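Take a look at the structure first.

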Amino acid sequence: MKLYTCGRCYNRLYFENSVCLNCGSPLGFDSMGTSLITLESGNGNNFSDVRHRDQIYRRCENAIRGTCNWLIPSYSPSTYCVACELNRIIPALNSPENLVRWKKIEIAKHRLVFSLLRLQLPFESKKGDEDYGIAFDFMADLSPQNRVMTGHEHGTITLNIEEADEAERVKHKLDLGERYRTLLGHFRHEIGHYYWEQLIEHSPDLTRFRQVFGDERIDYDESIKKYYENGPLVNWEKDFISPYATSHPWEDWAETWSHYFHLMDTLETSNSFGIIIQDEAVGQNVQISKDPYGLVDFTEIFNMWLPLTFAINSLNRSMGYDDFYAFLISPHVMGKLSFIHEICLKQKKMFK
């Protein structure tokens, strides 16, 4: 995630800010420029960029609910921004609890869409393309017997809104023996399934995918059943990023895809802060001085990631928390991450 500053007072801003807390200026996120801009009120519901007054915007419809700070160009007929346009089902908002949950969900989803924009990956709403578009369904359980399952199916990403409750999410994390479970992690994993269908399934890269991740034609339901009955493979750390990745090549891809997003977004944030990792004991001096989204060689990215995670894990332990990044990346897993990086770079070249 990039760092942003107010265009009036140069105060530091968070990605989710809609108002500068220092000078009170309205703010909005321009998805076309992936920039958080300072606004000046104009005619009616319009705003202009204080630095480029010829650029006119209006707010996304979900701004009135406090769940979105993204902007729409004034010439666009849309009432929702490119992130909110992907929503198909949202929780019933007559419940204050649901509104709180939905706000948390939208924060995570908007960060996901930011990463898609930075990687220049193709996406659009199912409203415009039912066959190849994306739809988000945020739903609550109807009863203990009729539960909503978080998952992906042909571009539709369903999320049980109880995942927005920290206590419930931690319970699921412990019950399933997971090292990491967040709303953003869910989205990154599920969107990985979508991009497998879009970028791999019918492409020349399918053969190489099978060489790297395995043959996805093995029975999925049976593989998942065996995983939950028997647990992960012995010594899974040698070849997989997580225990769940061992269940089926599709899940291996989605788990590795989500970690690729973790890695790229965290390194972009570190680069924005100009973080330097110095370890005199081993003579290490690593400066996170490059934008990972601009790097072709995945080795460069990985060589910044390892010392960064060791430093942040150490900081977390100093505060009494679990590791920030509780995963080991083996050479085999690095090869999988590198393959995903190549696939994303290929899309970026096509986009240009």
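Predicted model: local features only at pLDDT ≥ 70, side-chain atom pairs only at ≥ 80, totals over all residues.

Residues are numbered from 1 along each chain as its sequence is written, and side-chain values use heavy atoms, leaving out hydrogens and water.

**The sheet**
- Across from I89 you'll find D137 in β9.
- Four strands make up an open, mixed sheet, ordered β8-β9-β11-β10; two strands pair if DSSP finds at least two bridges between them.
- β8 (87-89) and β10 (151-153) are the edge strands, each pairing on one side only.

**Helices on the sheet**
- Helix α1 (residues 96-119) lies across β8, β9 and β11 (156-160), at about 160° to β9; axes are lines fitted to C-alpha atoms, for helices over the stretch in contact (heavy atoms within 4.5 Å), and angles run from 0 to 180 degrees between N-to-C directions.
- α3 also packs on the sheet, touching β9, β10 and β11, and makes about 160° with β11.
- Of the 17 residues in α3, 15 are buried, meaning under 20% relative accessible area with a 1.4 Å probe, protein chains only.

**Whole chain**
- There are eight helices and 13 strands in the chain.
- Buried residues make up 47% of the 352.
- The C-alpha trace spans about 65 × 55 × 45 Å along its principal axes.

Definitions and conventions: Buried < 20%, exposed > 50% of the residue type's maximum accessible area, 1.4 Å probe, protein only. Helix = DSSP H or I, 4+ residues; strand = E, 2+ residues; numbered from the N terminus.
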